[in-house]
Amino acid sequence: MQFSRVIGHAALKAKLIGNLREGRVPHAQLFVGPRGSGNLPMAMAYAQYLLCEDQGQADACGTCPSCLQMAKLEHPDLHLAFPIFFTEKVKSCDPFTGDWRTAVLAEPYLDIAQWRDLLESENKQLRMGVDIAQEIQRKLSLKSFRGGHKVMLVWMPELMDPVAANKLLKVLEEPEPNTVFLLVANDAEQLLATILSRAQLVKVPALPADELADALRERFPELGITEAMAIAARSEGDLLEAVDMAGKGEEALFVFFRDWLRACYRREVVAAVEMGEGFAKFGREWQKSLVRYGLYMMRQCALQWMKADALVRVVGQEQEFVSNFSKLLNERNAEGIRQELESAHVHIERNANPKVLFMDLSYRMMGLLRG
Ligand SMILES: [Zn+2]
């Protein structure tokens, strides 16, 4: 992956390349950024530049043998570690490396939920255990294949078991020569402070709306600029969220959400039950998208209700919805509705029964709306 394929973040790219060109290669770096920000592609572009045999001013050449191998994530000096589902027999990454490569090549902005869905396991928890830490140690003790740097890319180190994290810390404390650690995390706070203190921080912020809108139109050429900007604003710098909205049709989310709230307000229990069936039929990712969209719309309504009209970011039919629905908000229910949606999101992630969850949410919403 070359820097040119990483969306936006021009200043950060220039800084990373500048450091490399001046020969400053930190032993360990932590690429931390929220979902859909591009911390993983940024780390991969960094690795490709580092290993490139004909580095340009602004990017890896893309054509040397090393770049060709990096384009398939198959460079022998690029080592990968990521969370997996443990089985009786398998507790290390090696058997899944092919799957991970395929997933990341298809979606370089991959997140943990997509990875989990791809693995399709009965087991619920993605982990990195001590076997993976040992695998990391073993791989780094090998000689560099091409005689240059060895790169160890650790994706989502926050999912390491404590024993594994301590083992990783040992490896970070006693670095093998020419070894470069690229830790790629969403949430630095979940990492051991001792690991944090060993790694140089590379913050990858959420994408600005204009850059995100451009990227979206590259993926969805049929999308108009206004619609792309609206989705970009609504997805708050998260490329995956934006792609999700554009792919599923934001219209569908809007219509479902509006009709559901209407049913709750009118206390139409039968309609709410029927919508619950529909809700359960869609997959978990769609359910999460709907709830996140609901949270977004509630924020817009709250802004409208607080007379902060200038901050409200809605388009088309949403304007009418926000203008009407914000009249139903009051000091008591605004926060309650937000909390209910937040908690529904958590429960969907934990695999709650969607029909039960949706009915429960509907009843609470009826109460909150009619007091
Ligand atoms: Zn190259």
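1. Two residues are taken to be in contact if their C-beta atoms, placed from the backbone, lie within 7 Å. On that criterion, methionine 359 touches Val273 and Gly276, leaving aside residues up to four places away in sequence. The model is predicted: local features need pLDDT of at least 70, side-chain atom pairs count only at pLDDT 80 or more, and totals for chains, interfaces and linings use all residues. Residues are numbered from 1 along each chain as its sequence is written.

2. Methionine 359 belongs to helix α17 (residues 354-370); helices (H or I, at least four residues) and strands (E, at least two) are DSSP runs, numbered from the N terminus. A residue is buried if 20 or more other C-beta atoms lie within 10 Å of its own, exposed if 12 or fewer, and partly exposed in between. Methionine 359 counts as partly exposed because it has 18 C-beta neighbours inside 10 Å.

3. In helix α6 (residues 130-140), the buried residues are Ile132, Ala133 and Ile136. They lie on the same side of α6 because they cover an arc of only 105 degrees around the axis, the arc being that of the directions from the helix axis to the C-beta atoms. Among the elements covering them are β2 (78-81), β5 (150-155) and α7 (162-173).

4. Most residues other than glycine have a negative phi. Histidine 9, in the segment before α1 (10-21), has a positive phi of about 55 degrees. Histidine 9 counts as buried because it has 23 C-beta neighbours inside 10 Å.

5. Arginine 267 also has a positive phi of about 55 degrees. Arginine 267 is located in the loop between α12 (250-265) and α13 (269-281), and its 14 C-beta neighbours inside 10 Å make it partly exposed.
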